[in-house]
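Subject: Structure handover

Hello,

Here is the structure I said I would pass on. My notes on it follow below.

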Amino acid sequence: MKKSVLAFGALALGVAFSAPAMAADVSACLITKTDTNPFFVKMKEGATAKAKELGVTLKSYAGKIDGDSESQVAAIESCIADGAKGILITASDTKGIVSSVKKARDAGLLVIALDTPLDPADAADATFATDNLLAGKLIGQWAKETLGDKAKDAKVAFLDLTPSQPTVDVLRDQGFMMGFGIDTKDPNKIGDEDDPRIVGHDVTNGNEEGGRKAMENLLQKDPSINVIHTINEPAAVGAYQALKAVGMESNVLIVSVDGGCPGVQSVKDGVIGATSQQYPLMMAALGVEAIKKFADSGEKPKPTEGKSFFDTGVSLVTDKPVSGVESIDTKVGTDKCWG
């Protein structure tokens with residue numbers, strides 16, 4: 001992410017992040033779901049670079065796999081004990097982590113959720129994230145318009161994240177349904193829909209192997225699947241591998257969310273039809289700036305006007321644009337990608 005983009009983000013936040021050096025020995029923690037997913041690797045890069053720039057001591061922690069909440073709870077305990085001024089966290093269990101987050105806030109730490117809102121969202125002091133509902137809507141609308149009249153007879157599979165249904169999973173899932181024209185029933189829950197076009201849901205843990213296994217499971221349930229919503233691009237690649245193994249890769253439309261460089265290349269190669277690109281480096285860099293400002297002045301970050309969180313942006317990336325859905329092509333997507 002270019003420095004100009006980060007500067008724009010800081011201005012958009014409506015808070016001057018050129019914090020004077022008033023607080024000595026400012027330390028912060030970054031806690032991600034894993035340290036292998038390219039999204040979180042880039043998040044760590046952004047946080048590390050910004051911490052070095054601002055003179056903030058940064059400690060990074062991660063779960064062993066997506067869904068490993070116990071490691072995240074232990075990390076919060078360590079951050080409190082170390083006297084950190086703030087925590088940036090992408091929570092694996094957005095409900096289960098709340099009591100630990102409360103403990104940190106009660107100890108005087110600023111807690112910012114990155115990418116994945118907590119449940120409830122106000123359990124954190126702030127959230128810096130993609131508008132994940134919009135990210136889902138964009139790929140849902142694109143899939144619907146791409147299929148045209150065939151959308152009403154589609155067979156849709158959902159490759160989700162984890163059984164705990166973290167908020168990011170729910171928002172992308174439900175957003176896709178809204179964009180595609182599926183009644184979501186309870187918009188805060190995955191799996192209660194009764195639209196006959198839905199073949200089913202399976203979980204992937206957000207990685208290729210999980211995506212492959214989930215796709216194999218759903219194909220056994222209904223081999224006529226022709227639309228696949230995936231929680232992220234690694235899961236999408238795994239799904240494609242499973243489809244290719246049975247000669248179905250050219251008959252299925254895959255959509256996803258992330259916008260990492262490998263994912264944009266997958267769009268260019270025709271593996272993924274369209275993806276919603278998000279900007280993890282910006283999330284993390286702005287999060288470190290917010291902790292530094294809080295340490296210096298006690299001021300907490302404010303959300304984007306009209307939203308309950310600070311929106312770090314999202315763009316639909318596809319080389320097959322459709323009418324009524326704004327998008328960028330893979331050339332532009334490559335210029336903005338990460339990982």
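Is Lys 307 buried or partly exposed? Lys 307 is partly exposed, because its relative accessible area is 30%. Please keep in mind throughout that this is a predicted model.

Salt bridges

Lys 307 has a partner in Asp 311: the two form a salt bridge in which the closest N and O atoms are 2.5 Å apart. Elsewhere, salt bridges with shared partners link Glu 209, Arg 212, Lys 213 and Glu 216 into one network. Another pair is Lys 185 and Asp 183, with 3.3 Å between the closest N and O atoms. Lys 185 counts as partly exposed because its relative accessibility is 38%, and Asp 183 counts as partly exposed because its value is 43%. Over the whole structure, a search finds 21 salt bridges.

One of them joins the side chains of Lys 50 and Glu 289, at 3.0 Å from N to O. Lys 50 belongs to helix H2 (residues 38–54) and Glu 289 to helix H10 (residues 280–297), so this pair ties together parts of the chain that are 239 residues apart in sequence. Both Lys 50 and Glu 289 are buried.

Helix H2

H2 has 17 residues and spans 24 Å from its first C-alpha to its last, close to the 24 Å expected at 1.5 Å a residue. After H2 comes Gly 55, which has a positive phi near 75°.

The buried residues of H2 are Phe 39, Phe 40, Lys 42, Met 43, Gly 46, Ala 47, Lys 50 and Ala 51. An α-helix has 3.6 residues a turn, so residues three or four places apart point the same way. The buried residues of H2 pack against strand S1 (27–32), strand S2 (57–62), strand S4 (110–114), S9 and H10.

Ala 51, in H2, is buried because its relative accessible area is 2%. Not counting residues up to four places away in sequence, Ala 51 touches Val 56, Leu 58 and Val 288. Asp 66 is 15 residues from Ala 51 along the chain, and the C-alpha atoms of the two are separated by 25 Å.

Helix H5

H5 covers residues 132–147, which makes 16 residues. H5 reaches 23 Å from first C-alpha to last, close to the 22 Å expected at 1.5 Å a residue. Its buried residues are Asn 132, Ala 135, Gly 136, Leu 138, Ile 139, Gly 140, Trp 142, Ala 143 and Leu 147. What covers these buried residues includes helix H6 (167–180), strand S8 (227–230), strand S9 (253–258), strand S10 (274–277) and strand S12 (315–317). Just after H5, Gly 148 has a positive phi of about 65°.

Two residues in strands

Thr 230 lies in strand S8 and counts as buried because its relative accessibility is 0%. Which side chain does the side chain of Thr 230 meet in a polar contact? The partner is the side chain of Ser 256, at 2.8 Å. Leaving aside neighbours within four places in sequence, Thr 230 is in contact with Leu 159, Ala 235, Ala 236, Ile 254, Val 255, Ser 256 and Val 257. The C-alpha atoms of Thr 230 and Pro 301 are separated by 32 Å, and these residues are 71 apart along the chain.

Asp 160 lies in strand S6 (residues 156–160). Asp 160 is buried yet has no salt bridge. The nearest side chain of opposite charge belongs to Arg 172, 9.8 Å away. With neighbours within four places in sequence left out, the contacts of Asp 160 include Asp 169, Asp 173, His 201, Asp 202 and His 229.

Annotation

The UniProt record, an unreviewed entry, carries the annotation "domain: Periplasmic binding protein" for residues 30–299. Over residues 30–299 the chain is 45% helix and 17% strand, and the end C-alpha atoms of that stretch are 20 Å apart.

Regards

Key:
Residues are numbered from 1 along each chain as its sequence is written. This is a predicted model: local features need pLDDT of at least 70, side-chain atom pairs count only at pLDDT 80 or more; totals for chains, interfaces and linings use all residues. Side-chain values use heavy atoms; hydrogens and water are left out. Helices (H or I, at least four residues) and strands (E, at least two) are DSSP runs, numbered from the N terminus. The expected span of a helix is 1.5 Å times one less than its number of residues. Buried means under 20% relative accessible area, exposed over 50%, partly exposed in between (1.4 Å probe, protein chains only). Contact means heavy atoms within 4.5 Å. A polar contact is a pair of N or O atoms within 3.5 Å; within protein, one must be able to donate a hydrogen and the other to accept it, and residues adjacent in sequence count only if both atoms are side-chain atoms. UniProt positions are given in the numbering used here, feature names are shortened, and annotations may be inferred rather than shown by experiment. Lys and Arg count as positive and Asp and Glu as negative; His and the chain ends are not counted. A salt bridge is a side-chain nitrogen of Lys or Arg within 4 Å of a carboxyl oxygen of Asp or Glu.
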